[in-house]
Amino acid sequence: MLSASDLAAMRDAQDAALPDTCTIRRKTLVSDGMGGYTETWSDLATGVKCRIATSRYRPEEAAIAEKFAGRTLWMLTLPAGTDVTNEDRVVLSGTTYEVVGVLSAGSWETSRRVLAVEVS
């Protein structure tokens, strides 16, 4: 069993391997003044440490990858506990990615990993 200090050390090591920063954006609905709403994207968190790589299609990713055939599936690694959902977008180096899957890490999460596709 891992102690709290062991887990904290593992998270620190993971965080040290996150060379970039990104912005997490969440969709919000704003009244259009006529009884309807307009979708807008608001910054939820800025300066979030991250790393991006192409996904290697592990078994738990295969079902998601099939939905996006012909598009590159990216793996974003973020600090453990980062607030990110399947409804969010991530902006990294001027490119916007749509989150299409947040991978479960269990009790001893050392990083948060999400699958994303580039917004066209």
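What follows is a short tour by question and reply.

Guide: This is a predicted model, where local features need pLDDT of at least 70, side-chain atom pairs count only at pLDDT 80 or more, and totals for chains, interfaces and linings use all residues. Residues are numbered from 1 along each chain as its sequence is written, and side-chain values use heavy atoms, with hydrogens and water left out.

Visitor: What makes up the chain, in helices and strands?

Guide: The chain has two helices and six strands. Both kinds are DSSP runs, numbered from the N terminus: helices are H or I with at least four residues, strands are E with at least two. Along the sequence the pattern reads α-β-β-α-β-β-β-β.

Visitor: How many salt bridges are found in the whole structure?

Guide: The search finds five. One of them joins the side chains of Lys27 and Glu39, at 3.7 Å from N to O. Lys27 sits in strand 1 and Glu39 in strand 2 (residues 37-54), 12 residues apart. Lys27 is partly exposed because its relative accessible area is 34%. Glu39 has 52%, so Glu39 counts as exposed. Glu109 and Arg112 also meet in a salt bridge, at 2.6 Å from N to O. Glu109 and Arg112 are both buried.

Visitor: What makes Thr77 and Arg113 a polar contact?

Guide: A polar contact is a pair of N or O atoms within 3.5 Å; within protein, one must be able to donate a hydrogen and the other to accept it, and residues adjacent in sequence count only if both atoms are side-chain atoms. The side chains of Thr77 and Arg113 make such a contact at 3.5 Å. Thr77 is in strand 3. Its relative accessibility is 2%, so Thr77 counts as buried.

Visitor: Which residues is Thr77 in contact with, leaving aside neighbours within four places in sequence?

Guide: Contact means heavy atoms within 4.5 Å. On that count, Thr77 is in contact with Leu18, Lys49, Cys50, Arg51, Ser111, Arg112 and Arg113.

Visitor: Why is Thr72 called partly exposed?

Guide: Its relative accessible area is 41%, so Thr72 is partly exposed. Thr72 lies in the loop between helix 2 (59-67) and strand 3 (73-79). Beyond neighbours within four places in sequence, Thr72 is in contact with Thr54, Ala116 and Val117. The C-alpha atoms of Thr72 and Val117 are separated by 6.3 Å, though the two are 45 residues apart along the chain.

Visitor: Why is Ser93 called exposed?

Guide: Ser93 has 69% relative accessibility, so Ser93 counts as exposed. Ser93 is in the loop between strand 4 (89-92) and strand 5 (95-103). Ser93 has a positive phi of about 50°, although Ser93 is not a glycine.

Visitor: What makes a nonpolar core?

Guide: It is a set of buried Ala, Val, Leu, Ile, Met, Phe, Trp, Tyr and Cys residues joined through side-chain atoms within 4.5 Å. The largest one has 13 residues; among those with the most contacts inside it are Cys22, Leu76 and Val90. Strand 1, strand 2, strand 3, strand 4, strand 5 and strand 6 (111-118) each give two or more residues to this core. A second, separate core of six residues includes Leu73, Met75, Leu115 and Val117.

Key:
Buried means under 20% relative accessible area, exposed over 50%, partly exposed in between (1.4 Å probe, protein chains only). A salt bridge is a side-chain nitrogen of Lys or Arg within 4 Å of a carboxyl oxygen of Asp or Glu.
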